[in-house]
Amino acid sequence: MRAEPLGLPVPVIADEARRRERNRQLVGLALVAPAAVLVVLFLYFPMAFIVQMSFTVGSSYLSPTGPEYSILNYDAVLSRYLPNVLVTLQLAALSTVVNLLFGFPFAYVLVRRIRYRDVVRAFMVFPMFGALYIAFGMRFVLLPGGPATPLLQALGIPSTAILYSLPSVVFAMSIFTFPFMVMSIGAALSNVDPTLEEAAACLGARPWQTLRRVLLPLTRSGVIAGILIVFGWNIGTFAEPVLLGSLNEQRALAWTLYQRGVVQTDYGLASAMSVVLLIIAVVVSYFSLRYSRGALVD
Amino acid sequence: MSTVAAPIAAARPRRFSRRRLGALAGHVYVWAVLVVFVLPFLTLLGYSLTGPGGTYAVQNFQYVLGSFGDNLRQSFLVAGMTLVINLLVALPGAYAIVRYPFPGKRALFSLLSLPLYVPGAVIGISLVLVYNFTYHLTTSIFGLVFAMAVGTFPLMLSPIVVALKDLPLSFEEAAACLGASRWQTFWRVVFPLIGPGVSAGLMLTFIIVFNEYLVTLFVHPPDVTTAPLRVFNLVRTAGLAPTTAALAVTMQLISFGAILVFFKVFGTRYLKGTYLI
């Protein structure tokens, strides 16, 4: 019975195989369909919608005479709201630098020296609960009368000068994204053979030279991926500038677009701002994925 | 023999102590950073336990269950509904991505993972506009739930993909040889074996949705205020109160408990490629 197909001419078997292959492809596509529908309905269509909306003036989308199209919104983003864009970039860049400076040594010690890694991981999940609690906690710490008051008084700094300031916003943002940096650099470091460092030391390299000539070149992709991930996350910072920033930091784009779009119903301008944010975030994450080589699918 | 041993013995203590000093500095550094990490939580915990006039009080937590009870309940409801949707969407999706051949798989996986990289404010504003003008979902809790689902289902997808890739094909082949249908093979063989991956996805989704305030601020229906959104509104407008701190502490303790239970039961391996590792 089983041998029968072999008696058939080859093209028949090939056809049968092709048909099966196509069936499997169709089943596969059917299984991914729910996910694709969810993403299209609630991510890609809304994105296309705000791109269209970003070319309409104010809330003219709702006007009975039909939407009024122009590029005025982008003009406003690049002129009147240019400081907002710059503040957003500045905050993201500063917190990325802070994360890199503190994250590299942290990742190194974690990968090379520490055996109780799970304990460290358990602690590191706290920032994952959200920037809101971090900002809330820091606001309480820094408020006049809070736990940090005696320390600040001893240093002679008025606590409101610290509370509503750039450093406190950057600090909160850095705590929020620190695990991403450590995760990215740590993954790259654990792929570097520790004997290479020993070899460098044996050949007379100082620790600094080992870092510059051996470790950094070998972990370059992880470091770059970490920088990009952290930057991409921090570009959309929201709670930290609102709760900890002065008027300058509160110009961060995400908060501004909430104010303009939801509170003042200037849909066109808010859409243009979010398109700018979206482009920055997507470009940055595209490169971060290319560098992290973390593709699950091949 | 002894002439050779003596200098080594003399040299060892010095090098040893220097190394230990370096290692100690490393440990101290890591713990210092971890303390800074937990500091916002610890100070809020301390604050939530202070009563009027600096006394020690637990009443704040009774207040959480009383006045904030509705917010907590809504948070659990939204998180639960999102978990169901994510599971229904991610389970077949991950299975197809790992086990079935179809063109453009890589690109599709990237397109499905994109929500993780879009800033919350952008998701929020685009959904609130679409809900207002096209979908008419602004007054339904489903609008909020779908917003949460689209932002978090990649977190469900990745651990399941990892777990499925770790599972040799031979289990499914053996089940098929023994006469199990595809459906039976999946539910009786594959699903139990990828249980840890599925649990990892469930836990991540729960934690992110349970603590989400940003997209919620944009798309929440008028009668729904989840607990984190309540915290945000209170901190922003009403100043600080120990009761607000108690609510924030409660949320974080619940989330932390979920993670600890997961670590204890499954270890950390299934969280690879997601937030935590």
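**Ground rules.** I note that residues are numbered from 1 along each chain as its sequence is written, and that chains are lettered from A and ligands numbered from 1 in the order in which they are written. This is a predicted model: local features need pLDDT of at least 70, side-chain atom pairs count only at pLDDT 80 or more, and totals for chains, interfaces and linings use all residues.

**Confidence.** I looked up pLDDT, the predictor's confidence in each residue, from 0 to 100. Chain A has a mean pLDDT of 86, with 95% of its residues at 70 or more. In chain A, helix H1 (residues 4-7) has the lowest confidence, a mean of 56. Helix H4 (residues 82-112) of chain A has the highest, at 93. Chain B averages 85, and 90% of its residues score at least 70. Over residues 1-11 of chain B, the pLDDT is below 50. Beyond near neighbours in sequence, this stretch has 0 contacts in the model (C-beta atoms, placed from the backbone, within 7 Å).

**Chain B.** I found 12 helices and 0 strands in chain B. Next I checked burial. A residue is buried if 20 or more other C-beta atoms lie within 10 Å of its own, exposed if 12 or fewer, and partly exposed in between, with C-beta atoms placed from the backbone. Of the 277 residues of chain B, 43% count as buried. Among contacts in chain B between residues at least 6 apart in sequence, 79% join residues at least 24 apart.

**Where the chains meet.** I find 79 residues of chain B in contact with 76 residues of chain A. Several helices of chain B each supply at least two residues of the side that touches chain A, including H1 (2-48), H3 (69-99) and H12 (242-266). H1(B) gives the most to that side, with 15 residues. I then sorted that side by class. Ala, Val, Leu, Ile, Met, Phe, Trp, Tyr, Cys and Pro count as nonpolar, Asp, Glu, Lys and Arg as charged, and the others, Gly among them, as polar. The side of chain B that touches chain A has 65 nonpolar, 11 polar and 3 charged residues.

**Ser255(B).** Is this residue buried or exposed? Ser255(B) counts as buried because it has 22 C-beta neighbours inside 10 Å. Ser255(B) is found in helix H12 of chain B. Leaving aside neighbours within four places in sequence, its contacts are Phe129(A), Ile207(B), Phe210(B) and Asn211(B). Its C-alpha atom is separated by 8.2 Å from that of Phe206(B), 49 residues apart along the chain.

**The core.** A nonpolar core is a set of buried Ala, Val, Leu, Ile, Met, Phe, Trp, Tyr and Cys residues joined through C-beta atoms within 7 Å. The largest one has 167 residues, and among the members that touch the most others are Phe136(A) and Ile160(B). Helix H9 (residues 166-189) of chain A gives this core its largest share, 16 residues. Leaving aside neighbours within four places in sequence, Phe136(A) is in contact with Leu243(A), Leu44(B), Val231(B), Val235(B) and Ala248(B).

**Domains of chain A.** The bounds come from an automatic or database domain assignment. That assignment gives domain 1 (4-53) and domain 2 (81-292). Their C-alpha centres lie 40 Å apart. I count 4 residues of domain 1 in contact with 6 residues of domain 2.

Most residues other than glycine have a negative phi. Thr265(A) has a positive phi, near 50°. Thr265(A) lies in the loop between helix H14 (253-263) and helix H15 (267-292) of chain A. With 12 other C-beta atoms within 10 Å, Thr265(A) is exposed. His136(B) has a positive phi of about 55° although it is not a glycine. The loop between H5 and H6 of chain B holds His136(B). His136(B) is exposed, with 11 other C-beta atoms within 10 Å.

How values were computed
Two residues are in contact if their C-beta atoms, placed from the backbone, lie within 7 Å. Helices (H or I, at least four residues) and strands (E, at least two) are DSSP runs, numbered from the N terminus.
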